[in-house]
Amino acid sequence: MDVTIIGAGVAGCSLGHLLDEAGYDVTIVEKDAIGGLLREIEFDSGYHCDSAPHLLFYDEEEEAIVGELFSQFTDLDAHEFYAATYPRGGLEDPHHYPVSKQNIDRWDDADQIREELAEAPGKTDAEFFEEYMLNQVGPTLYERYNKHYTEKHWGIDPARITGDWFDFKISFPEEEQEFFGDGAYYPTDKYTEILSGMVSGCEVVFDGVTDLNTDGDTIASVRTESGEELTSDLFVSTIDPSILVDTEEELNYRSMVILGAHLEASERLFPEHVDWGYFPNHYEFTRITDYEFTPQSIPGGEYILTVEFPCFVGDDVWSRSEEWFESYLLDFLDEQGIEAETIDAKIRRAPHAYPLPVNEEIEKFERINGKLSSYENVFNLGRVSTYEYIWIKDIVQQAYETLEEITTTTDVRATD
Ligand SMILES: Cc1cc2nc3c(=O)[nH]c(=O)nc-3n(C[C@H](O)[C@H](O)[C@H](O)COP(=O)(O)OP(=O)(O)OC[C@H]3O[C@@H](n4cnc5c(N)ncnc54)[C@H](O)[C@@H]3O)c2cc1C
């Protein structure tokens, strides 16, 4: 039985691998290159980095499945990752991230902040991000650490941001805490090599899918940019569903331009144990990561960084040149008193980085996706296609669930 999967990100590749192993004939259609959001930035100097740090976060007890799958293709090293936040912008003033109660002492108005905390209801259920944060930390800490960062990251008013991820992503510990206490891992091999290994038994066609050719309740084939028609028994989408169905509506995603830079610099940006920093201030980027944690031996005095600039496709930030991003970073470092020179710098534009956690957009997604799922031979999974703010571990979980759904529907195991 044939299955055509659209998109070779972690969603398409992990499901492709599972279906191939289960005896299906799998074709993956990818318009760009294997890896999707997990594709590395490659420097001319021979080094590389993720397009923004990609760590495997999972709880060994409950979510081991992602580790089991990835371990078939790479070794995974356990890491303790630490982050800092720089609410006043200066690298000489790192605060804990997750924001801790100890951070309060760094402010002149610490007494006022403590009073607000005493009055705040604490961790409560709330539909919207702003309400959730205000309840937990009070107005002053919210303003300094969360509000502006959230506006910059999402490009939307935090009072409209909704979701079931608040609890998972946000904590307010007493003191400095590692970024993900339940377990964080990083592969010894590159993500693109791991994903390429997963799909070694599948046929990969490099072409962009443009639309569907349907026959009543079923999809007969997908059409591609080069004019091909790919027929199949089953189809799996890991891409924006509005590309596939007949609709006037467009789905909005928060996009990102990621600058990767290999630098020579007079000093490290962060304290020795800190891997990345958040910038809830006027800088146009949200986060800088130092890739010292990756299994590459980076010479002393050299640093590999990514700098994340959130934006919407077509806006000012999205449209800027590679040179602009490089000089923005160098100007920032200069302002911070760090002398730096670029060995190589490259940008990666990610149009579908984040589904927007806003009710109107989620409802729009449901209308569009409803049209796609009305066909009986299609499945979908992944962050872009399900419009959910999910991580690699969740996507791998979805891949196993989709495998189960497909095998139950088609019972191919018995015949192959
Ligand atoms: C800045 C950032 C940091 C992150 N950090 C982490 C982290 O630390 N840990 C973690 O677990 N998760 C992290 N994530 C989330 C993780 O990267 C994503 O959830 C995951 O990579 C999404 O995989 P996917 O396969 O669903 O989508 P994608 O990776 O986007 O794959 C979709 C693929 O479809 C292809 N495609 C699109 N349109 C077409 C078309 N018309 N025809 C054919 N192919 C098409 C694309 O080229 C792409 O290759 C991060 C995300 C971002 C943006």
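User: At what angle do helix α3 and helix α4 pack?

Analyst: Helix α3 (residues 110–119) and helix α4 (residues 129–154) pack at about 150 degrees, and their axes are 6 Å apart. Axes are lines fitted to C-alpha atoms, for helices over the stretch in contact, and angles run from 0 to 180 degrees between N-to-C directions. This is a predicted model, in which local features need pLDDT of at least 70 and side-chain atom pairs count only at pLDDT 80 or more, while totals for chains, interfaces and linings use all residues. Residues are numbered from 1 along each chain as its sequence is written.

User: How are α3 and α4 oriented to each other, then?

Analyst: They are therefore roughly antiparallel. Angles over 145 degrees count as roughly antiparallel, under 35 as roughly parallel, 65 to 115 as roughly perpendicular and the rest as oblique.

User: Which residues make that contact?

Analyst: On α3 they are Q112, I113, E116, L117 and E119, and on α4 they are V137, G138, P139, T140 and L141. Two residues are in contact if their C-beta atoms, placed from the backbone, lie within 7 Å. By class, the contact of α3 with α4 has 5 nonpolar, 3 polar and 2 charged residues. Ala, Val, Leu, Ile, Met, Phe, Trp, Tyr, Cys and Pro count as nonpolar, Asp, Glu, Lys and Arg as charged, and the others, Gly among them, as polar.

User: Changing topic: how many residues of α1 are buried?

Analyst: In α1, 10 of the 12 residues are buried, a term for residues with 20 or more other C-beta atoms within 10 Å of their own, whereas exposed ones have 12 or fewer. Among the buried residues of α1 are V10, L15 and L18.

User: And what is the angle between α1 and α11?

Analyst: The axes of α1 and helix α11 (residues 392–410) cross at roughly 40 degrees and come within 9 Å. The two helices are therefore oblique to each other. From α1, the contact includes V10, L15 and L18, and from α11 it includes I392, Y400 and I406. The contact of α1 with α11 comprises 12 nonpolar, 2 polar and no charged residues.

User: What comes just after α1?

Analyst: There, G23 takes a positive phi of about 100 degrees.

Conventions. Helices (H or I, at least four residues) and strands (E, at least two) are DSSP runs, numbered from the N terminus.
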